[in-house]
Amino acid sequence: MKYFIWVMALLAVLSGCESQVNGNQAEKTKGKQAQPQKVVQKEQLPMEEKVTFKHSIPVKMDPSLPMESLATFKPNARPNENKAKYDLKVKAEKDGQFQVTANIQVENLSADSWEDLVFHFIPNYFTEKNKPIHLQSSAEVHIWGIQVAGKTAQYNLEKDTLQILLNESLKPKENVPVTVTYSFKLPENGARFSQVMGKYYLAEWYPLVSTYRSGWDKADFSLHGESYHTDFSDFTIQYDIPEEYAIVSSADDDPKELVTKGTITGSNIKEVYMAIVKGMPMKSAVVDGTEIRVFSNRQDEAYEAEYLELAKKALQFFNANIGKYPHKQLDIIMDESGMEYPGIVTVAQGNTNTFAVVHEMAHQWFYGTVSSNPSYTPWIDEGTTNFATYLFFIKNEKQAPADVFAAADDHIKMAKDKGKIVPSNYSLKEFEPENILTYSASVYEIPSLKLWALSGNNADRALDYLKNYYRLYAYKEVDANEWLRYTRAYFKIKDPKALGDWISL
Ligand SMILES: [Zn+2]
């Protein structure tokens, strides 16, 4: 039964990423949607629907490089070539309308002169026109105006791709303020960007500046896996929410009481998640100077204490074995499916979700602090996170490795029986969205088992691999070649063909 619970728990982790398929089936309706009554401005419409821009080229692994010595190993992470700072004003109305003014300062750190800026504008993916057909409810999204340096700018919008055309080119080392004024209503029971029983879950709710490396790192949004990629930025959010609601967010300075107006901040984080909730019981504890808060729905209150105890142990374990958790607060919301955001995670309720709690927490180190592009290299953060989760149960909970990894073995067997196994280093778009088991086996489980084997089935060695990796790459981005360089150096892999049974070179 234990194996079954583990597999179910892992599927619960994955379900948030992969349960929704048919992401490309957009409904082909056209035309301007009705303007909400309260807003008097005229909506600024996009110029055209086809968006073309200069794309970056993903870094490939170079197996011809010699193996390096760990003693002299230097990370060579390629920095992002832009910098963004976000100042967001958000007003939530009683009827569920959100009015947002996003002021974003964008700096060009590349050698190119830019004629455009490219953003992920994920709310627009959930409109009636663009949403996957299986999502029952849609979002309403209206852009009221876009200004660059105070002047109206034209833009193109296609699904979640927002391209703002610059009135004047932005030269290297220059920066420019961009203002996007928009409103939205969340879809009922959507996915991450969602409202559920009067609670509002706002994932990727503002224009996210794409990273840039000789081109924009902008992939099409997909509900399967994670397709958006951002750099570390500073955020200020001025909020105005209805009475009786509370803000639970990525910020370290969430208000303790029910405060309807205020400002929260986040510095050097990849994105800002915000839940606006009411009637959720909360239990908290302080561990290693970090306040852990667990929020549940009333019917799940019984699990709150259990999740809090587990989170305390996991935080101490990762602090001691990988690196210090970088925030003052860690929020766990027992609602929605399993998903990680800086300083906050969501985990569905239920007693089979202990694996999911630890997995989403481990993402604070591998995704939240060591960055990677989940569209190009989904296995880098998911495989590493999953491996760290298994190590918690082996080392801290003193469970037998054979029992712990039995879940991974079962998962891979199911994937082989019902589909196929592909190289772990496929990009997100190389996976078939409907084949969830193949994706989860190849991206989550096989990397965990292979890293365990490379560690000589030794938890201390495995944790040392992760600790060094974290030390070398915290607040940097690991691409496919950096992962190969480091992994070869750490495990003394002279011939990269030794990885050929799970990594395609
Ligand atoms: Zn994950």
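Which residue in β7 stands opposite aspartate 116? In this predicted model, whose residues are numbered from 1 along each chain as its sequence is written, the residue opposite aspartate 116 is leucine 165 in β7. Local features need pLDDT of at least 70 and side-chain atom pairs count only at pLDDT 80 or more, while totals for chains, interfaces and linings use all residues; side-chain values use heavy atoms, with hydrogens and water left out.

**Sheets and hairpin**

Helices (H or I, at least four residues) and strands (E, at least two) are DSSP runs numbered from the N terminus, and two strands are taken to pair if DSSP finds at least two bridges between them. Strand β3 (residues 114–120) and strand β7 (residues 161–170) are joined in the antiparallel sense over six bridges. Both belong to an open sheet of four strands with antiparallel pairing, in the order β6-β7-β3-β11. The edges of this sheet are β6 (155–158) and β11 (208–209), each of which pairs on one side only.

A further open sheet of four strands, also with antiparallel pairing, runs in the order β9-β10-β15-β13. Its edge positions are taken by β9 (194–196) and β13 (246–249), each with a single partner strand, so one side of each is left without a neighbour in the sheet. Neighbouring strands of this sheet are turned by 15° against each other on average, direction ignored. Within the sheet, strand β10 (residues 199–202) and strand β15 (residues 274–277) pair in the antiparallel sense over three bridges, and leucine 202 stands opposite methionine 274 in β15.

Strand β16 (residues 282–287) and strand β17 (residues 290–296) pair in the antiparallel sense over six bridges, with methionine 282 opposite phenylalanine 295 in β17. These two strands form a hairpin with two residues between them, and aspartate 288 in the turn has a positive phi of about 50°.

**Helix packing**

Axes are lines fitted to C-alpha atoms, for helices over the stretch in contact, and angles run from 0 to 180 degrees between N-to-C directions. Angles under 35 degrees count as roughly parallel, over 145 as roughly antiparallel, 65 to 115 as roughly perpendicular and the rest as oblique. A crossing is left-handed if the near helix is turned anticlockwise from the far one by less than a right angle, and right-handed if clockwise.

| Helix pair | Axes | Angle |
|---|---|---|
| α2 (residues 301–321) and α3 (residues 354–362) | within 10 Å | roughly 40° |
| α4 and α7 (residues 459–473) | within 10 Å | roughly 140° |
| α4 and α6 (residues 436–454) | 8 Å apart | about 55° |

Helices α2 and α3 are therefore oblique to each other, and their crossing is right-handed. Their contact (heavy atoms within 4.5 Å) includes Tyr307, Leu310 and Phe318 of α2 together with Val357, Val358 and Met361 of α3. By class, this contact has ten nonpolar, one polar and one charged residues, where Ala, Val, Leu, Ile, Met, Phe, Trp, Tyr, Cys and Pro count as nonpolar, Asp, Glu, Lys and Arg as charged, and the others, Gly among them, as polar.

Helix α4 is oblique to α7, and the crossing of α4 and α7 is left-handed. Among the residues in this contact are Phe387, Leu391 and Ile394 of α4 and Leu463, Leu466 and Tyr469 of α7, and the residues of the contact divide into ten nonpolar, one polar and two charged.

Helix α4 is also oblique to α6, which α4 passes in a right-handed crossing. The contact includes Trp379, Glu382, Phe387, Leu391 and Ile394 of α4, and Tyr439, Tyr444, Leu451 and Trp452 of α6; its residues divide into twelve nonpolar, three polar and two charged.
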